[in-house]
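Me: I am new to this structure and would like to go through it slowly. Could you show it to me before I ask about its helices?

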Amino acid sequence: MAIQAMSTTQTVQVQQINNKENSRQNDSVGNLMEDIFMQTKESRYMRQKEAYQKRMTFFSSRPGLTKALRVTNQILTYTMFFLYPLLLIWLLLFEKESLFAAVVVPLDAFIILSVVRYLVNRKRPYEYFQTPSAVSKATSGKSFPSRHVFSAFVIATTFLAVGPQPVAGYVLLFAGTIIGAIRVLLGVHYVSDVIAGAFFGILAGVAGYLLLI
């Protein structure tokens, strides 16, 4: 009985030793995987930062091109916000039954998007990469989604849904695409910010007008 008890004790001790060894090995593997992940993440960040810096250097060294893009962005943006009130006036005069939807859909979507931007609060590229953008920009966070692009696409969708000439909506969709591209090129937004802004703008417009018209 004593021999059997000693044998059982030794077996338990061996199992404990093996368990500890396995635990150490698992910890080592886990630490190795974590190190690889961190190195990969750091390497990806450095590549992205280098690409961003090169792009900002390219535009910063070409002030004429940068100014042309900035002015184009402003003209297209102001045009959007000028045409939208004109559409509302036209609806008030000729199609009052669509006026409510044309006001409520963009307004509600704009408020929801603003809340999402506030909650996500994604850093701007120039913050994340600690590199000045090609244009002076002091905005902190609230990068995702792009509200400029969202506004352009929800307005374009409004023209398509209730405007007198659908072709105007297609032109505005193209203008919104240009706005998004410029904001990425000049370093104030990520590509994903722009894509998300366009997607939510179209989604809000389509869903809203299907419900209200």
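Me: Which residues are buried in α7?
Reply: This is a predicted model, in which local features need pLDDT of at least 70, side-chain atom pairs count only at pLDDT 80 or more, and totals for chains, interfaces and linings use all residues. Residues are numbered from 1 along each chain as its sequence is written, and side-chain values use heavy atoms, leaving out hydrogens and water. Taking buried as under 20% relative accessible area and exposed as over 50%, with partly exposed in between (1.4 Å probe, protein chains only), the buried residues of α7 are D193, V194, A196, G197, A198, G201, G205, G208 and Y209.

Me: Is L211 buried or exposed?
Reply: L211 is found in helix α7, a helix being a DSSP run of H or I with at least four residues, numbered from the N terminus. Because its relative accessible area is 74%, L211 is exposed.

Me: At what angle do α2 and α5 pack, and how are they oriented?
Reply: Axes are lines fitted to C-alpha atoms, for helices over the stretch in contact, and angles run from 0 to 180 degrees between N-to-C directions. Helix α2 (residues 63–94) packs against α5 with the axes 10 Å apart and at an angle of about 30 degrees. Since angles under 35 degrees count as roughly parallel, over 145 as roughly antiparallel, 65 to 115 as roughly perpendicular and the rest as oblique, α2 is therefore roughly parallel to α5.

Me: What covers the buried residues of α7?
Reply: Contact here means heavy atoms within 4.5 Å. By that criterion, the cover includes α3 (96–120), α5 (147–162) and α6 (166–185).

Notes. Helix = DSSP H or I, 4+ residues; strand = E, 2+ residues; numbered from the N terminus.
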